Amino acid sequence: MAGKAVTVMVKTEIHDHSNYLIRMEILNELLEALGYNVAYRMIQTRSKPAVDYLLGRGKLEELKDKVKAIDPDIIVFYNTLTSKQKWNLEKALRAEVLDRYDVVLRIFNETSRDILSKLQIQLAELRKSFPYIKLQAAMKFKKTRAGFKGGGEYAYHKQINAVQKRIKILKNKIEKIKEARMLEIEKRKSRGDKIAVLVGHYNAGKTTLFNKLTGLNRPVGPLPFTTLSSKYAKVGDNLLIVDTIGFVVDQDPRLISSFEINLLDILNSDIVVLVIDSSDKWAKFQLKLKEVLRILDSIGVAREKIIPVLNKSDLMSPEELEWRSIELKKAGFDRIVAISAEKEMGIDLLVDEIRKALRKEQIELAKI
């Protein structure tokens, strides 16, 4: 039986008349992946979020009434909540309160299968929840913290130190894997191997394309983020294809930094194949493209390395594909490939583009 969810957003961009709805639609998709149906949605427009509850007092009272009537399993805010806001909201609403980052982490937990993924998720969860854990502990031991080194003071620091120790252990384990990964990358480069990495929004079809390019059969599931740790396969003598974690609109920078080993693969690649779901409606297509390029820019990926791929092109008319190609050209791309990974259309064209790009890179390196 599906759970019930109430979703909330505080919209601070006064001139945003459509993108906020797409963002809430994406939040719905994420919640549906976890087995929740959205029973009610609340949106408040404010110049800035309220410090204590994110919502204004009037909207908070309205939300309390709705929650009482609906009795949802969870209340999910699109906005990132501070520890104080989460604490206050849970006390006021008497229900579990999450933000979008929490929802993504829960999906990660559902889809994680390997040790590296689990380590990275545990670290991301602890980093995210640590301020809230501190606040909870402070409130719990507040009454017994009279005097320096009182019983409550000791219990408080014991709990906080335990979390800090766990974070340190996870970071050390991931750092060792990171060092081993860098050695692998250096060995491949010294052998003359070239790396083409697949990136894009979740559910754009990256893993399906990975399977078609490599002849493998890696799992492709209905849940978002089925790829959390990079998948590798060698094609031919010296080309390595790498499938990486999917992005999401308004991806929290902390989430990106938590999956730094995936970033190593992207940053050390020779070619970045940007897989785009061309079947998205126009406004959603534009927003996703803008967000993915923002993320790639923020981690230092040069536009010259990127080959944009319009996947699921079999679902679009020639005119619709042309509009999407024009949008990519406006973003500075001149080599654009339309494919359908599912129907195996245009795969040869993409392989040719990757080879051309690698030859061009070799020529440019030879000039240096």
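Glu291 is buried, with a relative accessible area of 6% (buried means under 20% relative accessible area, with a 1.4 Å probe and protein chains only). This is a predicted model, in which local features need pLDDT of at least 70, side-chain atom pairs count only at pLDDT 80 or more, and totals for chains, interfaces and linings use all residues. Residues are numbered from 1 along each chain as its sequence is written, and side-chain values use heavy atoms, leaving out hydrogens and water.

**Around Glu291**

- Glu291 sits in helix H10 (helices are DSSP runs of H or I, at least four residues, numbered from the N terminus).
- Beyond its neighbours within four places in sequence, Glu291 is in contact with Arg23, Val249 and Asp250 (contact means heavy atoms within 4.5 Å).

**H1 meets H10**

- The axes of H1 and H10 (residues 282–298) come within 10 Å and cross at roughly 80 degrees (axes are lines fitted to C-alpha atoms over the stretch in contact, and angles run from 0 to 180 degrees between N-to-C directions).
- On the H1 side, the contact is made by Asn19, Ile22, Arg23, Glu25, Ile26 and Glu29, and on the H10 side by Ala283, Lys284, Leu287 and Glu291.

**The nonpolar cores**

- The largest nonpolar core has 31 residues, and Leu30, Leu31, Val103, Phe108 and Phe225 have the most contacts inside it (such a core joins buried Ala, Val, Leu, Ile, Met, Phe, Trp, Tyr and Cys residues through side-chain atoms within 4.5 Å).
- H1 gives the most to this core, with seven residues.
- Apart from it lies another core, of 27 residues, including Tyr232 and Leu289.

Key. Buried < 20%, exposed > 50% of the residue type's maximum accessible area, 1.4 Å probe, protein only. Helix = DSSP H or I, 4+ residues; strand = E, 2+ residues; numbered from the N terminus.
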